[in-house]
Every structure is written in structure tokens, then in C-alpha cells.
Amino acid sequence: MKVLVIQQRYGIGDMVILTPYLHAISKKYETPITLLAKESSKAKDLFSEDDHFKEIITLDKSKDGFFGIVKLANEIRSKNFDKIFIFNNSLRYKIIAKIAKVKEIYQYQISFFKQKDVMFRTAKNFTEKILNKSISSQPHLIFKNNKGTNNFFKSINESYKIIVLGVSASGPTKRWDIENYIKLTKSLSKITNCKFLIAAGPKDDEIVDRFKKSVSNNDFLSLADFKIRDMIPILKKANVYIGNDTGFLHICAALDKKCLGLFMDSPAKSYSAYSDNINVSVPDGETIESTTHKTRGKDKISFDDVLMKARKILLS
């Protein structure tokens with residue numbers, strides 16, 4: 001049995017959220033699956049040690065346009081898949097699957113219009129209907145490498161709480177000001193002994209530099225220069241995550257860490273309700289149901305609300 005899954009969303013968080021359904025497909029047919037995904041989803045890093053996956057095929061720009069359809073269809077056809085699961089409603093991928101002569105094609109209902117949905121719920125209903133079984137929406141990242149060794153951890157004893165601060169984001173409207181995070185570290189350090197992991201990317205140098213000027217180097221470790229697969233063993237050592245709605249939030253939730261996600265410009269319900277590990281802070285005047293990709297509420301996230309919820313998580 002050869003099974004292909006297509007998941008074309010860009011984000012790391014999207015890929016993490018859909019992980020339970022990819023695992024369920026692999027388990028149902030008792031075979032590792034092949035996954036077609038964009039490089040930006042970091043699927044190769046997230047699943048580098050996961051035996052549910054046989055191969056990750058990168059969905060790059062060469063597979064765009066008319067000639068991209070032909071190229072991708074030929075590549076899929078050459079691998080002789082028996083089944084294909086398409087986690088989107090695009091006619092394009094249905095045509096590709098037909099050209100590739102895949103015997104069994106499963107896909108969301110085709111639509112030519114952008115539809116509002118709760119992403120994890122759509123994926124859950126789709127997969128459960130086909131597999132005829134209930135599937136938990138809680139993702140689990142499988143990583144056998146538990147080293148996570150770094151000089152930063154050598155001086156930390158069990159009395160310390162290791163807090164991941166998710167200061168990065170996919171855009172400025174989704175990023176709580178770094179001064180709020182600096183203030184938060186000082187407040188949390190008065191509550192309990194803390195050390196901090198700064199979850200940032202290679203383009204976040206300015207943010208990390210501002211943090212360095214205000215917080216002792218002995219109290220934090222920046223992950224900006226780490227690859228995702230190298231970050232995960234380190235993140236596994238953390239106690240909690242506090243930060244923006246970014247890929248790091250969803251990775252930590254999938255590592256079974258208690259999280260506080262700040263949803264200032266994204267749909268909190270769609271990106272938090274899938275996991276009991278995620279607590280939520282939204283802008284003043286908003287609710288978990290009302291926030292969208294157009295909320296633009298980064299200046300309305302209450303510091304006191306974040307501190308209160310962070311304290312509760314830390315001391316629970």
C-alpha cells in the first residue's frame with residue numbers, strides 16, 4: 001500500500017495542527033506515508049525522526065502553473081500511489097491526482113471560493129469520515145533525539161522554570177512588542193526562579209538584540225540560529241510557552257507543554273481549540289471566537305492579563 005498526502009499550507013503551525021490526521025492515515029493502512037508539503041512548513045524537520053513518514057516531497061515553485069501541473073502529476077504517477085488524501089478544496093490537485101492515475105482519491109469538497117472554517121475541525125471531520133474512527137485533535141511530535149545539550153542548561157537546577165518566549169511572528173501585526181516581553185521576564189522572575197528560551201528566527205536579530213540589552217545573558221538562550229530539528233530537543237526541556245501565535249506555540253503544544261498564546265491578528269479558535277495545552281490571551285474587546293486575520297490588536301493585548309495567566313500556568 002502506497003499512500004500520498006497533500007498538505008499545501010505554508011505555516012509550521014498548520015503542519016503541526018494537521019499531524020494527528022497524518023498519523024491516523026499511516027496507522028490505518030499500516031504503512032508510512034509520503035507527504036507533499038511546502039518547504040516553509042518545515043515538514044522535513046518536524047518529521048525527521050517520525051516513522052509514520054516515508055518521504056517528504058517539497059512543493060516548490062517549479063510545480064506552479066500549467067507546466068507545474070504536468071510536472072507534479074508525472075512525479076506522483078511515477079511513484080504508483082494507491083491512495084491520495086488532499087487536505088484542501090482546490091480543483092487543481094484533483095486534476096493532478098486524476099492525471100497521475102491514482103486509484104483512490106479523497107479530498108475536501110471542491111470549492112472555487114475561499115471559505116471560512118476552523119481548520120483543525122475540517123481536517124478532523126474529513127479524516128474521521130474516511131477512516132471511520134474517532135481521532136484526537138491533540139498533536140504529538142515524535143522526536144527520539146533527547147540530547148538537547150547546551151551549556152545554558154548546565155547551571156539550571158530543578159528549582160528553575162524554563163520559559164519559552166515566542167517573540168517571533170510571521171508579520172509585525174502578529175507580534176507583541178518586545179518591550180512587553182522584557183517587562184514580563186522581570187515580573188515572572190519575581191514570582192519564581194526563571195530561565196528563558198527566546199524562540200526567534202534568523203530574521204529576528206533586532207528583536208534579540210533589544211532583549212540582550214535588557215536581560216542578563218546568563219538568564220536566556222536565543223534559538224534564532226538553530227534549525228527547527230535542533231530546536232525541538234531544547235524546547236522539550238522547557239516547562240511552559242508564552243508568546244505570539246507562531247509556529248513555536250504549536251510545536252510546544254505538540255511537545256505537551258502548557259502554553260499561553262497571544263492572538264492579536266489571527267483566529268484564536270481555529271489555532272488554539274485543537275489542544276488543551278493552549279491557553280489564550282486576546283485583545284481587549286475581543287473573544288476567542290471574534291479574532292481574525294484582520295483584528296490588528298497587538299496594542300490591545302493587556303499586559304496584566306498576560307501576566308495573570310502566565311502566573312497561573314507557572315504555578316499550576
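Guide: The model is predicted. Take strand β9, residues 240-244. The strand is mostly covered, with 5 of its 5 residues buried. Buried here means under 20% relative accessible area.

Now the pairing. Strand β6, residues 161-166, runs parallel to β9, and 4 bridges join the two. Strand β10, residues 258-262, also pairs with β9 in the parallel sense. That pairing has 5 bridges.

Next, the surroundings. The protein chain holds 12 helices and 11 strands. Of its 316 residues, 54% are buried. Contacts with a separation of 6 or more were counted, and 63% of them join residues 24 or more positions apart.

Then the overall form. The C-alpha trace spans about 60 × 45 × 35 Å along its principal axes. A compact globule of 316 residues would have a radius of gyration near 20 Å, and the chain has 20 Å, so the two agree.

Last, the surface and charges. The chain exposes about 15,400 Å², with 48% supplied by carbon and sulfur atoms. There are 53 positive and 35 negative charges. Their mean positions lie 4 Å apart.

Methods:
Residues numbered from 1 in each chain as written. Predicted model: local features only at pLDDT ≥ 70, side-chain atom pairs only at ≥ 80, totals over all residues. Heavy atoms only, no water. Rg over C-alpha atoms; globule rule 2.2 N^0.38 Å. Buried < 20%, exposed > 50% of the residue type's maximum accessible area, 1.4 Å probe, protein only. Contact = heavy atoms within 4.5 Å. Areas by Shrake-Rupley, 256 points an atom, 1.4 Å probe, with all protein chains shown as cover. Lys, Arg positive; Asp, Glu negative; His and termini not counted. Charge placed at Lys NZ, Arg CZ, Asp CG, Glu CD. Pairing = 2+ DSSP bridges.
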